[in-house]
Amino acid sequence: MVIKIYLFLRGFLNISITTENIEKLLNNTASHRILLRRFHYNNHNLNALITVSDFKKLRIASRNTHSRIHILSRNGLPFIFSRFSARY
């Protein structure tokens with residue numbers, strides 16, 4: 001419950017990572033202290049939830065593994081505020 005509130009306040013991303021070298025990517029994320037939540041791997045494709053601050057670190061960690069990162073959805077309070085501030 002507390003983790004869900006924390007993720008909502010900080011903002012989180014649902015991402016998809018396409019890579020051939022999943023083991024190397026997971027080792028790099030662990031060494032950069034990046035937390036992947038609710039992740040599953042299927043046919044060179046890794047789907048996970050990640051915070052916005054960890055996403056910036058993930059881009060650095062994924063450069064060595066030649067991975068492609070796609071944002072599937074953006075959720076949380078910062079993204080809600082950005083939608084309303086653009087309108088008003």
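Predicted model: local features only at pLDDT ≥ 70, side-chain atom pairs only at ≥ 80, totals over all residues.
Trainee: What makes up the fold of the protein chain, in helices and strands?

Mentor: The protein chain has four helices and four strands. Along the sequence they follow the pattern α-β-α-β-β-α-β-α. The C-alpha atoms fill a box of roughly 45 × 30 × 20 Å along the principal axes.

Trainee: Why is S62 called buried?

Mentor: Buried means under 20% relative accessible area. S62 has 6% relative accessibility, so S62 counts as buried. This residue is in the loop between α3 and β4. Leaving aside neighbours within four places in sequence, S62 is in contact with L25, S67 and I69.

Trainee: How many of the residues of the protein chain count as buried?

Mentor: Of its 88 residues, 32% count as buried.

Trainee: How do you know that the buried residues of α3 line one face of the helix?

Mentor: The buried residues in α3 are D54, F55, L58 and A61. Seen down the axis of α3, they fall within an arc of 115°, and therefore they line one face. An α-helix has 3.6 residues a turn, so residues three or four places apart point the same way. As for what covers the buried residues of α3, the cover includes β1, α2, β3 and β4 (68-75).

Trainee: What makes a set of residues a nonpolar core, and which members of the largest one touch the most others?

Mentor: The members must be buried residues of the nonpolar kinds, joined through side-chain atoms within 4.5 Å. The largest nonpolar core here has 14 residues, and L13, I15, I17, L46, I50 and L58 touch the most other members. At least two residues of this core come from each of β1 (12-18), α2 (22-31), β3 (45-51) and α3 (52-61). In soluble globular proteins, nonpolar side chains tend to be buried together.

Trainee: Which residues does L58 touch, not counting those up to four places away in sequence?

Mentor: L58 touches I15, I17, T29, I34, I50 and I69. Contact means heavy atoms within 4.5 Å.

Trainee: What share of contacts between residues at least 6 apart in sequence joins residues at least 24 apart?

Mentor: In the protein chain, that share is 72%.

Trainee: Why is the group of M1, V2, I5, F8 and L9 called a nonpolar surface patch?

Mentor: A patch requires residues with over 30% relative accessible area and no salt bridge, with nonpolar side chains joined within 5 Å. M1, V2, I5, F8 and L9 make such a patch of about 560 Å². L9 is found in helix α1 (residues 2-10). The protein chain exposes about 6400 Å², of which carbon and sulfur atoms supply 55%.

Technical notes
Residues numbered from 1 in each chain as written. Heavy atoms only, no water. Buried < 20%, exposed > 50% of the residue type's maximum accessible area, 1.4 Å probe, protein only. Areas by Shrake-Rupley, 256 points an atom, 1.4 Å probe, with all protein chains shown as cover. Patch = residues over 30% accessible without salt bridge, like charges linked within 9 Å, V, L, I, M, F, W, Y side chains within 5 Å. Salt bridge = Lys/Arg side-chain N within 4 Å of Asp/Glu carboxyl O. Arc of directions from axis to C-beta.
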